[in-house]
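Here is a short briefing on one protein chain. Keep the sequence and the 3D view open as you read.

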Amino acid sequence: MVHVAIVGLGTIGGSLGLALQSAQARGEVKGEGLRITGYDEDARVLREARQRGVVQHSTDSLEEAVADADLVVVAAPARAVGATLQSLAPLLPAGCVVTDTASSKAQVLRWAAQYLPPEVHFVGGHPIFAPQHELDWSAGVRGATAELFQDAIYCLIPSENASERAINTVSGMVRLIGASPYFLDAAEHDGLLAGISHVPHLVAAVLLETIASSPSWRELKLLADPSFRHFSWPVSFPAAEVHDACLTNRQAVLSWLDRVIASLQGLRASIADETATADEILEMFERARAARRDWVERRDEREGEAGSATMPEIEGMGEQIMHMFVPRFFRRRPEREE
């Protein structure tokens, strides 16, 4: 029996439990099947997880959750990952594979190297969900869905000592839940995510706070159109996630903020200059519109492309699913050279 422990049963952890159970129900997990255990320190979350059946077993004991675990997934905000890894370290069985779902990776990998014993292999992870999944993140485990990972790009950042078996284990799980593995290093991941996710969340929050603090907020709410709903949606994302991403990815976030501030200052100067034409503003909108069109086309085409150029040599999809997770199911392959 393959034992998967999910530490943290919010929207992502709960969805992972449901997705793995769904794959098992479809007969995609061979061998002895999966045993999925969920842990959360919040009693209310555990109760809701049991009611929804997001995992097969749940417990408020971290030791019980990871006992004999083959794979441990830490589904927690970035700053909580360090303390969680520290707590997990003496409890993990030798040969266990550990991964996470946090949106910043360099600091998480430093924590993994600091806290985890050498016989435990860490592969950092971060799912990038498809655009159609506009979830209410405040719903927590009540918002969990088995389809959340479908068509997602799942960033994987192996630690320096991660074995090939560990990488195969996590990438196999990613495929099993319907996502595409995408390998990159921690610094590249953090720089890209600061620009495409962390700073946009901050900009949306600042703009919404500015508007809501106006004495005309009552009237402004009545006049808000669909564009207001779209630009304000990032504010529904868990504040702890954005907060932790900023503090664990500080330099990349500051760099992107400086670029945005410089662009806004340039735009303000263009609008303030009464002798200027409107060409600069129109050109800015055209560039932005072209960038968005390019993004939409790329997202439509990316299925089958994501990670294809950066994938290490791993077993084929059928073999990965058949040999999922447990070392005894694997056809042993040489460890990667350190």
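Strand β5 (residues 97-100) and strand β6 pair in the parallel sense, with three bridges between them. This is a predicted model.

**From β5 to β6**
- Valine 97 has histidine 121 of β6 as its bridge partner.
- Between β5 and β6 the chain passes through helix α5 (residues 106-115), and this β-α-β crossover is right-handed.
- How much of strand β6 (residues 121-128) is buried? Seven of its eight residues are, so the strand is mostly covered by the cut-off of under 20% relative accessible area.

**From β6 to β7 and β8**
- Strands β6 and β7 run antiparallel and are joined by six bridges.
- Cysteine 155 lies opposite tyrosine 182 of β8.
- Which side chains of β8 (residues 180-183) are buried? Pro181 and Phe183 are buried and point to one face.

**Aromatic rings**
- The structure contains four aromatic pairs.
- One of them joins phenylalanine 228 and phenylalanine 231: the ring centres are 5.1 Å apart and the planes stand at 90 degrees. Planes over 60 degrees apart count as edge-to-face, so this pair is edge-to-face.
- Both residues sit in helix α9 (residues 226-232). Because they are three residues apart there, about one helical turn separates them.
- Phenylalanine 228 has a relative accessible area of 21%, so it is partly exposed.
- Phenylalanine 231 has 25% relative accessibility and is also partly exposed.
- Elsewhere, ring pairs link Phe129, Phe149 and Tyr154 into a cluster.

**Around helix α11**
- Arginine 259 lies over the face of tryptophan 256, at 4.0 Å from the ring centre.
- Serine 255 belongs to helix α11 (residues 250-272).
- Is serine 255 buried, exposed or in between? Its relative accessibility is 31%, so it counts as partly exposed.
- Serine 255 and glycine 195 are 60 residues apart along the chain, yet their C-alpha atoms are separated by 8.8 Å.

**The whole chain**
- The protein chain has 13 helices and eight strands.
- Of its 338 residues, 47% are buried.
- Take the contacts between residues at least 6 apart in sequence: 76% of them join residues at least 24 apart.

**Confidence**
- The mean pLDDT of the protein chain is 86, and 86% of its residues reach 70 or more.
- Where is the pLDDT below 50? Residues 306-338 form such a stretch. Beyond near neighbours in sequence, this stretch has 82 contacts in the model.
- Where pLDDT is low, the predicted coordinates should not be read in detail.

Notes:
Residues are numbered from 1 along each chain as its sequence is written. This is a predicted model: local features need pLDDT of at least 70, side-chain atom pairs count only at pLDDT 80 or more; totals for chains, interfaces and linings use all residues. Side-chain values use heavy atoms; hydrogens and water are left out. Buried means under 20% relative accessible area, exposed over 50%, partly exposed in between (1.4 Å probe, protein chains only). Helices (H or I, at least four residues) and strands (E, at least two) are DSSP runs, numbered from the N terminus. Two strands pair if DSSP finds at least two bridges between them. Rings of Phe, Tyr and Trp (its six-membered ring) pair if their centres lie within 6.5 Å; planes under 30 degrees apart count as stacked, over 60 as edge-to-face and the rest as tilted. A charge sits over a ring if NZ of Lys or CZ of Arg is within 6 Å of the ring centre and within 35 degrees of the ring normal. pLDDT is the predictor's confidence in each residue, from 0 to 100. Contact means heavy atoms within 4.5 Å. A crossover is right-handed if, with the strands pointing away from the viewer, the path from the first strand over the helix to the second runs clockwise.
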